[in-house]
Amino acid sequence: AGGRIDIEHVLDSERSAMSHETFCVERLGVGDWPDIDEEADRKISRKVWAASLDVQSRRSGPVALVFDVNLDRASAAIGIAGMREDGKWHGEVVDHRAGSPDWVLPRIVDLAKKLRPVAVLYQASTPAASLVAEAKNLKIRKLDSVSTGEAAEAAGVLFDALTQETFKRGPQPELDAAVDGAGTKNSGETWLWSRSESTADITPLVVITIALWAAVARKKKRAGVVDLAAALAAAENGESNA
């Protein structure tokens, strides 16, 4: 009744002549189409990220200081994180520049004098590691690397803090852009930020992520919170050396 193809023809002839997948594609228009949901590729939703904005946010205690260099060495960032007076966490991109990362270590030296950070960190096995030899020559104190496993743990700490609304930050366009374009990769049964899977320069996000992790870890240590995995490993090592 007004249709150009009889339903019996579709069911009897076409359906029997095609595989299920082919029939779905050719007759029903089903396909493996791109996901047009703007949130589909985001690890941190726009709603959750927007909720972390606090234009009055300021840290009040000690900070962890972190530097990172992009894959193409065309940009770098320095960030800090520390606790606020209300017990929530504050993260901030202190410096972010395009071009050669030659400026990073002199800036770290200057910031270390002013802030007296509890740690100066970078992620191992990344372009940031190329600055370590010079950093040691400059005698930057409390310099240490973060492993891939620790970077994955740090990503989880930031994600949880954002979800629980215990992490706050001021308005910083470079950080917004990094969150918008950040990609991830799996590491065992968890995940971490991936420079190669990102559509933006994520150095601002990386430094905030690791700085928050370091600040949270320091608080737990000072509060006497036991790392069960580390304790068990130490105990086993002690038994094996007995």
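Guide: Rings of Phe, Tyr and Trp count as a pair if their centres lie within 6.5 Å, with the six-membered ring used for Trp. Planes under 30 degrees apart are stacked, over 60 edge-to-face, and the rest tilted. The model here is predicted.

Visitor: How many aromatic pairs does that rule give?

Guide: The count is 3 aromatic pairs. One of them joins Phe159 and Trp191, with ring centres 6.1 Å apart and planes at 85°.

Visitor: Why is the pair of Phe159 and Trp191 called edge-to-face?

Guide: Check the distance, then the angle. The centres are 6.1 Å apart, and the limit is 6.5 Å. The planes stand at 85°, and edge-to-face needs over 60.

Visitor: How do you know whether Trp191 is buried or exposed?

Guide: Its relative accessible area is 15%. Buried means under 20%, so Trp191 is buried. Phe159 comes out at 32%. That falls between 20% and 50%, so Phe159 counts as partly exposed.

Visitor: What makes the rings of Trp191 and Trp193 an edge-to-face pair?

Guide: Their centres are 5.1 Å apart and their planes meet at 70°. The cut-offs are within 6.5 Å and over 60 degrees, so this pair is edge-to-face. Trp193 is buried, as is Trp191. Ring pairs join Phe159, Trp191 and Trp193 into a cluster.

Visitor: How do you know that the charged end of Arg169 sits over the ring of Trp49?

Guide: The charged end lies 4.0 Å from the ring centre. The distance limit is 6 Å, and the charge must also be within 35 degrees of the ring normal. Arg169 is listed as sitting over the ring of Trp49.

Visitor: Next, salt bridges. How many are there?

Guide: The count comes to 9 salt bridges.

Visitor: Why is the contact of Arg97 with Asp95 called a salt bridge?

Guide: The closest N and O atoms are 2.9 Å apart. The rule asks for a side-chain nitrogen of Lys or Arg within 4 Å of a carboxyl oxygen of Asp or Glu. The contact of Arg97 with Asp95 qualifies as a salt bridge.

Visitor: Which parts does the salt bridge of Arg107 with Asp95 tie together?

Guide: The closest N and O atoms of Arg107 and Asp95 are 2.8 Å apart. Arg107 lies in helix α4 and Asp95 in strand β3 (residues 89–98), so the bridge ties together parts 12 residues apart in sequence.

Visitor: What makes Lys114 and Asp110 a salt bridge?

Guide: The N to O distance is 3.4 Å, and the limit is 4 Å. Both residues lie in helix α4, 4 residues apart, about one turn of the helix. Lys114 has a relative accessible area of 61%. Exposed means over 50%, so Lys114 is exposed. Asp110, at 29%, counts as partly exposed. Asp95, Arg97, Arg107, Asp110 and Lys114 are linked in a network of salt bridges.

Visitor: Which helix gives the most to the lining of the second largest pocket?

Guide: Helix α4 (residues 104–115) does, with 3 residues. The pocket holds about 280 Å³ of space. Its lining has 6 nonpolar, no polar and 5 charged residues. Among them are Lys113, Arg116 and Leu138.

Visitor: How many cavities of 30 Å³ or more are there?

Guide: The count is 1. The largest cavity has a volume of about 50 Å³. Its lining includes Gln123, Trp193 and Thr209. Helix α8 supplies the largest share, 3 residues. By class, the lining has 6 nonpolar, 2 polar and no charged residues.

Visitor: Why is Ser52 called buried?

Guide: Its relative accessibility is 1%, and the limit is under 20%. Therefore Ser52 counts as buried. Ser52 lies in the loop between α3 (46–51) and β1 (63–69). Its C-alpha is 8.0 Å from that of Thr166, 114 residues apart along the chain.

Note on methods
Residues are numbered from 1 along each chain as its sequence is written. This is a predicted model: local features need pLDDT of at least 70, side-chain atom pairs count only at pLDDT 80 or more; totals for chains, interfaces and linings use all residues. Side-chain values use heavy atoms; hydrogens and water are left out. Buried means under 20% relative accessible area, exposed over 50%, partly exposed in between (1.4 Å probe, protein chains only). On a 1 Å grid over the protein atoms alone, a cavity is a set of points where a 1.4 Å probe fits but cannot get out, and a pocket is an open set with protein on both sides within 12 Å along at least five of seven lines; lining residues have an atom within 4 Å of a point. Grid points are joined across faces, edges and corners, and a volume is the space filled by probe spheres set on the points. Helices (H or I, at least four residues) and strands (E, at least two) are DSSP runs, numbered from the N terminus. Ala, Val, Leu, Ile, Met, Phe, Trp, Tyr, Cys and Pro count as nonpolar, Asp, Glu, Lys and Arg as charged, and the others, Gly among them, as polar.
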